[in-house]
Amino acid sequence: MSRGRYLLVGVSAIALAGGAGALYVAPLMADPAGIKDCGTVLPPLPAPSGHAPTSVAEPQWAQRGGTVNDASCLSRTAVKGVVRPTNEAQVAQALAYARASGLPVSAAGVKHSMGGQAFRAGGVVLDMRGMDAITLDRVARTVTVGAGATWHAIQQAIHPDFAVKAMQSTDIFSVGGSISVNAHGMDHQAGAVMGSLRSIRLMLADGRVVTVSRTENPDLFRHVVGGYGLFGVILSATLDVVPNAIYRSERALIDYRAFPATFERIAADPSVGLAYVHLSTAPGSLLTEALVYQYRMRPEDQALTRAPLGEVPSTKVRRLTVNLAKKNDLFKTMKWWSEKHLEHRLEACTITRATAQGSGEACLVARNDPMHDSVAYLFNKLPGETDILHEYFVPRDRIIPFIDGMRALLRDQKANLVNASIRAVGREDNALSYAPAPAFSVVLYLNQPTDDAGTAAMRRLTGALIDLTLAEGGRFFLPYQLHYSPEQLVRSYPEVGAFFAAKRQWDPDGLFSNSWYARYAPLVAKQPAATRPSITSGAPAA
């Protein structure tokens, strides 16, 4: 064969390999075509005993009948319909119709809980995203927002002068949803959302509107926060905001066993405003290496100009990186190497390294910047798979043995772990608290096939991780898949029986429900009946 022929064959082979690579990569980078719907793994529930109302008009349906799903894509549920109110009167009308029809009601935001916590089979879903007004009070340093407002929109409204005090580490969630699970995030000093709440405007099952706070209807306040929408419809909330401080972004690679001592130093340093940890998901260093991220405030930086909030760049490249890491161990290793050695060099800085006090390594960001991430790169159009969140709250002195036990379980069960992080939470005093004492939160982001085998494997892993958490004296987070037993729920939350009893006191006809409550409430021993608590400032809906 001539030299030219060899060259032609070589070029053709390279072209074929390049074409094949492009065909392989393209779906991993592609934008999602829409909301995924992978079926359902929710336990079957009895249909509500609805009936035709005699005198109450139907609400204006945004969707009549059909199904809804959540971010897991595995919770497809048939419903009576979806109502998208834009004012309190429309909420009251929907509740009146549901009461007259004998139908359960669930309030929903962006539906990022993963076990049907935002809807109930056969029920009425209130899509609260139409109630999204945002009003900033600069003097009081508060923001009053509709339940459907997202943190992304709130940040845009209060930037550049103010920042959110407490929210998740990403901004896609609605305020009503965050209150309903008492979400927490990067600020180890601020605590969870409950700590920044001044008050909540709430519609009860009978249509009355009340204000709940630490001083007004405080018992109801403790049940609404982290109450999964079971005590009333959150209409709006007033929250604290804080100055939009400028931070120096810092990071350090440590051995995971050094984490407790590292956190003690962070907690003792008031200049550190935000902090979190990523654990290695690479097979060779699984959960043994840790990257500690912290954001430090220095007085001399505060006069600098805050740049407008920008969206996270390179969505397709980031999506490709995440999706490749799901494919095999080599790509997981490459992803972790990239986070250790490359990502910080590509970090978007409010103040460039060149102007940051002459330091070649400093990266300055405003407080809003690290949390202004709508994680578009986590959404994809890949068929037959989905990504699932787990979260476990572990006593601070048990975090190392917990990580060791978790590593063994993940390896033994061949779990496809895409990301793992640690955050600190303080004591949370709501009625169904995930942290009755200060704890470390371990968040796992796992990929699973959506077939029966994938679901069975995730159920086994969930049960094993919950047992490990309980053995270490911890608790698991409730807004995720319903793969745990009633016994595990009661062991983790001994007060859940009293919580369900309080729900029946406030909502004796059971108007508010969701798949989680309908699944577990009948299986938890009933508590003795009590007198329904009194309320103040009740008024008809506007």
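Helices (H or I, at least four residues) and strands (E, at least two) are taken here as DSSP runs, numbered from the N terminus. The model is predicted, and local features need pLDDT of at least 70, side-chain atom pairs count only at pLDDT 80 or more, while totals for chains, interfaces and linings use all residues. Residues are numbered from 1 along each chain as its sequence is written, and side-chain values use heavy atoms, with hydrogens and water left out.

N182 sits in the loop between helix 4 (175-181) and strand 10 (197-203), and its phi is near 50°, a positive value in a residue other than glycine.

Next come two helix pairs. Axes are lines fitted to C-alpha atoms, for helices over the stretch in contact, and angles run from 0 to 180 degrees between N-to-C directions. Helix 10 (residues 399-412) and helix 11 (residues 452-471) have axes that come within 10 Å and cross at roughly 160°. Helix 10 and helix 11 are therefore roughly antiparallel to each other (angles under 35 degrees count as roughly parallel, over 145 as roughly antiparallel, 65 to 115 as roughly perpendicular and the rest as oblique). In contact, meaning heavy atoms within 4.5 Å, are F402, G405, M406, L409 and L410 of helix 10 with L461, A464, L465, L468 and T469 of helix 11. This contact takes in eight nonpolar, two polar and no charged residues (Ala, Val, Leu, Ile, Met, Phe, Trp, Tyr, Cys and Pro count as nonpolar, Asp, Glu, Lys and Arg as charged, and the others, Gly among them, as polar).

Helix 7 (residues 315-325) packs on helix 8 (residues 329-341) at about 135°, their axes 7 Å apart, which makes helix 7 oblique to helix 8. T321, L324 and A325 of helix 7 meet F331, K332 and K335 of helix 8, giving three nonpolar, one polar and two charged residues in the contact.
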